[in-house]
Amino acid sequence: MRLSYEGIKKRDEWEQEGYHLPQFNIENMLAETAEGPEWIHFGGGNIFRAFPAAVSQKLLEEGILKTGIIVAEGFDYEIVEKAYRQYDNLSILATLCPDGRIEKTVIASVAESLCMNSKTKDWIRLIQIFKSPTLKIASFTITEKGYSLVNQSREFTQDILADFKHGPDSPISYMGKLTALCYERYKAGGLPLTLVSMDNCSHNGTKLKEAVICITEKWIEGGKAEPQFLAFMTDKITYPWSMIDKITPRPASEVEEHLKATGLEDLQTYITSKNTYCAPFVNAEEPQYLVIEDKFAGERLALDKGGIIFTSRETVDKVERMKVCTCLNPLHTALAIFGCLLGYHKISDQMKDEDLKTLVYQLGYKEGLPVVENPGIIKPEKFLEEVLEKRLPNPFIPDSPQRIATDTSLKLSIRFGETIKAYLKKDGQVSLRLIPLVLAGWCRYLTELDDKGETYTLSPDPILASLTPVFRNIKFGEAEDIHTQISGVLSREDIFGVDLYEAGLGRQVEEYFGKMMKGPGAVRNTLKDILG
């Protein structure tokens with residue numbers, strides 16, 4: 001069995017092995033999409049194929065859509081060749097059920113895969129797509145970093161400065177290329193378009209809007225675009241907020257072996273030169289949520305027929321805060337930090353550790369739920385219960401604390417800082433144990449020594465270079481000068497969302513960090529002590 005258009009024509013072979021094959025005419029879909037594209041997605045990673053592409057497939061199978069989805073990759077072009085084109089843009093969605101079943105679906109809704117390389121014919125095709133009057137939505141899963149125009153020093157990057165200077169004819173940066181494509185649509189008649197960030201970051205639509213508007217204004221100031229282009233970008237294009245939730249770990253070797261055992265040939269996991277893990281399959285959990293602000297320019301695709309929820313901006317914000325600030329992401333980050341320190345390599349194994357299980361249960365129920373605002377469309381108590389009872393303990397989700405620990409410095413202000421602010425607003429003061437414990441654990445993590453005192457490699461993080469020198473020189477047992485050594489970090493609002501000393505938590509974090517620096521085994525002992 002080969003994953004290709006020709007290969008899946010042997011339907012009996014695939015169905016005998018338990019695969020669900022596409023229930024629509026692929027040739028018709030390809031022709032319809034080429035003629036009148038409606039949906040393009042930027043970011044060809046795992047979450048795209050496991051969620052938006054699967055929604056597109058469901059709508060195709062039910063006859064609600066006739067066109068497929070086009071994917072464009074702007075960060076790692078190797079993904080397009082290695083995980084898409086050599087498999088005719090087909091992929092396998094391996095849904096990992098809590099009972100051990102693997103539901104296998106061949107996803108065939110991706111009509112084209114393109115590189116955002118302005119020096120290739122793919123760029124010409126992207127311009128053609130953006131000029132098309134049928135195009136309704138461009139969505140994104142490019143990570144929060146993809147929308148940033150600045151470096152660690154909060155200065156515009158060299159690529160962005162070059163884009164400011166040269167205008168829309170030769171863009172270099174991701175956001176510069178996107179703005180240039182919007183400029184082509186403006187010149188083609190200024191038809192409306194909806195840009196939907198589906199990335200896992202707060203107020204994602206605003207981040208996207210601010211990036212492209214900044215570039216637009218610079219181009220107008222420099223005479224590279226007409227003043228009317230700004231009116232198009234603000235009046236004819238909308239930038240809804242959204243909240244997405246579905247765990248899609250790196251391709252797992254166990255899943256790859258399972259698929260090969262069904263007779264699948266030419267299956268391989270690749271690590272690109274940019275250290276991206278990609279494969280022609282995606283392993284993902286079953287639960288999924290996508291809530292989008294109902295603010296669409298022009299005609300709206302019927303994505304709600306595929307399980308996506310349309311609602312108000314206020315409700316999206318509440319759902320996002322429920323998930324990101326209290327009921328899922330903080331628990332994930334806590335497990336990631338202590339998982340690295342205690343030598344774990346699988347999130348589900350951590351949920352068998354009574355100390356770590358107690359930590360996330362108390363973090364969710366005792367310090368998270370009391371400041372959650374019920375969004376109405378999803379009950380926080382039910383959501384948290386599903387996370388703790390089904391999602392995190394699922395032994396068939398091969399997710400690791402090392403992956404979750406990536407970019408932690410960018411996540412702390414939202415995942416914990418917002419809850420601290422909520423308590424300050426509610427009570428005027430903060431009386432917490434678990435959030436300070438996690439933040440102290442992160443400081444302990446930055447020493448690059450696990451609980452045995454052995455060195456390990458920190459997960460990628462954009463500001464590690466400014467943090468590791470602070471903690472690298474702190475030795476076991478040297479806790480008498482903790483304040484002098486780490487107060488400069490704990491006071492950083494850009495990391496924690498608040499100055500931890502002004503919030504009344506700085507000294508507490510110092511105390512917990514000092515306990516964890518007493519020697520080998522001190523992390524475990526501190527957990528037991530604080531958790532009671």
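Student: Where does L446 sit in this model?
Tutor: In this predicted model, L446 lies in the loop between helix 19 (434-445) and helix 20 (464-472).

Student: Is L446 buried or exposed there, and why?
Tutor: L446 counts as buried because its relative accessible area is 0%, and the cut-off for buried is under 20%.

Student: Which residues does L446 touch?
Tutor: Leaving aside residues up to four places away in sequence, L446 touches L458, L464, L467, T468 and F471.

Student: Changing topic: where is L96?
Tutor: L96 belongs to strand 4, which covers residues 91-96. With a relative accessibility of 2%, L96 is buried.

Student: What does L96 touch?
Tutor: Beyond residues up to four places away in sequence, the contacts of L96 are R101, I102, V255, N283, A284, E285, E286, N394, F396, I397 and P398.

Student: What is the separation of L96 and E493?
Tutor: The C-alpha atoms of L96 and E493 are separated by 39 Å, and the two residues are 397 residues apart along the chain.

Student: Now the cysteines. How many disulfides are there?
Tutor: The count comes to 0 disulfides. C182, for instance, is in no disulfide, because the nearest cysteine sulfur, that of C214, is 14 Å away, whereas a disulfide requires sulfur atoms within 2.5 Å.

Student: Is C182 buried or exposed?
Tutor: C182 is buried, with a relative accessible area of 1%.

Student: What about C97, buried or exposed?
Tutor: C97 is buried, with a relative accessible area of 1%.

Technical notes
Residues are numbered from 1 along each chain as its sequence is written. This is a predicted model: local features need pLDDT of at least 70, side-chain atom pairs count only at pLDDT 80 or more; totals for chains, interfaces and linings use all residues. Side-chain values use heavy atoms; hydrogens and water are left out. Helices (H or I, at least four residues) and strands (E, at least two) are DSSP runs, numbered from the N terminus. Buried means under 20% relative accessible area, exposed over 50%, partly exposed in between (1.4 Å probe, protein chains only). Contact means heavy atoms within 4.5 Å.
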